[in-house]
Amino acid sequence: SLLVLTDQGLVATRDPLGIRPLVMGELNGATIFASETVALDVVGATYIRSIDAGELVIVTANGVRSEKPFPPLHPRPCIFEHVYFSRPDSIVEDNAAHGRSVYDVRKAIGAELARESPVEADIVVPVPDSGTPAAIGYAQASGIPFELGIIRSHYVGRTFIQPGDQVRHLGVKLKHNANRALIAGKRVILVDDSIVRGTTSLKIVQMMRDAGAAEVHLRVASPPTRHSCYYGVDTPERTKLLAHRLDVGGMQDFIHADSLAFISIDGLYKALGETQRTDARPQYCDACFTGDYPTRLTDADDLVPEDQFELLAERMVAAQPGKAEWQLERVYAGTNMGILELERRRFGEAVAAFRQSLGASERLVAAEPGNRDYRGQQLAALAYLADALDRAGQLDAARGQRLRQLRLVERQLGAGPR
């Protein structure tokens, strides 16, 4: 969404896919635009309507007019607005969630999560504040009591976008504190909106254990975040996303939970009022979960090898049509090799970074052996390093297989046209 203020007036427009929200309101005769309805509530404005995907609204001294300058496209509003970005007291008008409050949607997500991933426990505890509505829904659907087992300080900002692990660890500690009298001896279900790097989840689970929890089960009100967002959200590069590096079992081991479960992608769509996700024509942008981006990522580094090999395939087939099938096989093998080489470089850099982090944490532990935070950082660095080394080993094995595949294709090409 975009707002442009000029000497002649105000121009507001929403992208043709409607990925980001934009609403229009009125206050004392003035036209107001905002990213969500709660902003209008705060200033006392009256909500008029949501701006359509691809719509251009021009406000001048002569009034307000609307234009549709872009070719119509199937809208793909961001599904993560319902999971995390929008405030719970906002109203979102898109697709099947037309006119529903974000709070109601998040409760429905929690209820669906309870149906998909039940577990025996004594209390349901939200990771505040974004996990609270989903935790209420989970508690209501499961019949397990909802309790505020974590108290949040509202003077600390977001932690998942902080640049360094040490800063994030400190931010989590300052941001949350366990309600020990409530947690001790209980089987706890933690409900959070998402897992990005895993830093917050690791510390929160440990916080529950330090407070005396008998069991800690983590339930997440979104599918695993395996892909980066390129549409205005400051999420890490893909290699730093925990769900990209590890499967659910590996993530559970990493954060030291007794169990870990995410809502399914179809379950998320059901909570939004859809029957299921329409794979051929998705109702929302859910690329952070599925990798199905609604636009071509022209500036994404990890797509460059594929794009270049596609161009090479077209040229080779045009030059030697008699060997087209095997030429394509060679291109596909080369594509896979290119992607693997890129991954190996990234994991090589990751291994070096994690070794450095481990060395720093070990020095801190040596200086203060009794410091729990330093020992936690050492354990986290060890886990990251082990994961990176394991993945690098898998990539080396995969590279050997691809090389053998490429050699077989080359031999077939040398045998003559098909």
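This is a predicted model: local features need pLDDT of at least 70, side-chain atom pairs count only at pLDDT 80 or more; totals for chains, interfaces and linings use all residues.
Colleague: How many nonpolar, polar and charged residues are in the lining of the largest cavity?

Modeller: Six nonpolar, four polar and four charged residues make up that lining. Residues are numbered from 1 along each chain as its sequence is written, and side-chain values use heavy atoms, with hydrogens and water left out.

Colleague: What makes a space a cavity?

Modeller: On a 1 Å grid over the protein atoms alone, a cavity is a set of points where a 1.4 Å probe fits but cannot get out, and its lining residues have an atom within 4 Å of a point. Grid points are joined across faces, edges and corners, and the volume is the space filled by probe spheres set on the points. Searching the whole structure gives three cavities of 30 Å³ or more. The largest cavity holds about 100 Å³. Of its 14 lining residues, Pro21, Val23, Ile91, Val92 and Glu93 lie nearest the centre. Strand E5 (46-50) and strand E8 (91-92) each give two or more residues to the lining; strands (E, at least two residues) and helices (H or I, at least four) are DSSP runs, numbered from the N terminus.

Colleague: Why is Thr37 called buried?

Modeller: Buried means under 20% relative accessible area, exposed over 50%, and partly exposed in between, with a 1.4 Å probe and protein chains only. Thr37 has 5%, so Thr37 is buried. Thr37 lies in helix H1 (residues 37-43). Contact means heavy atoms within 4.5 Å, and beyond four places in sequence Thr37 touches Val23, Tyr47, Asp89, Ser90 and Ile91.

Colleague: Is Val57 buried or exposed?

Modeller: Val57 is at 1%, and therefore buried. Val57 belongs to strand E6 (residues 56-60). The C-alpha atoms of Val57 and Ala12 are 5.1 Å apart, although 45 residues separate the two along the chain. Ala12 is also one of the residues that Val57 touches, as are Phe33 and Val64.

Colleague: What makes a set of residues a nonpolar core?

Modeller: The members are buried Ala, Val, Leu, Ile, Met, Phe, Trp, Tyr and Cys residues joined through side-chain atoms within 4.5 Å. The largest such core has 37 residues, and Ile109, Val124, Tyr138 and Ile189 have the most contacts inside it. Another core, of 36 residues, lies apart from it and includes Ile195, Leu246, Ile255 and Ala381. Ile189 is in contact with Val124 and Tyr138, among others.

Colleague: Which elements do the buried residues of H4 pack against?

Modeller: They pack against H3, strand E10 (123-126), E13 and strand E14 (215-220). Among the buried residues of H4 are Pro133, Ile136 and Tyr138. Gly143 follows H4, with a positive phi near 80°.

Conventions
On a 1 Å grid over the protein atoms alone, a cavity is a set of points where a 1.4 Å probe fits but cannot get out, and a pocket is an open set with protein on both sides within 12 Å along at least five of seven lines; lining residues have an atom within 4 Å of a point. Ala, Val, Leu, Ile, Met, Phe, Trp, Tyr, Cys and Pro count as nonpolar, Asp, Glu, Lys and Arg as charged, and the others, Gly among them, as polar.
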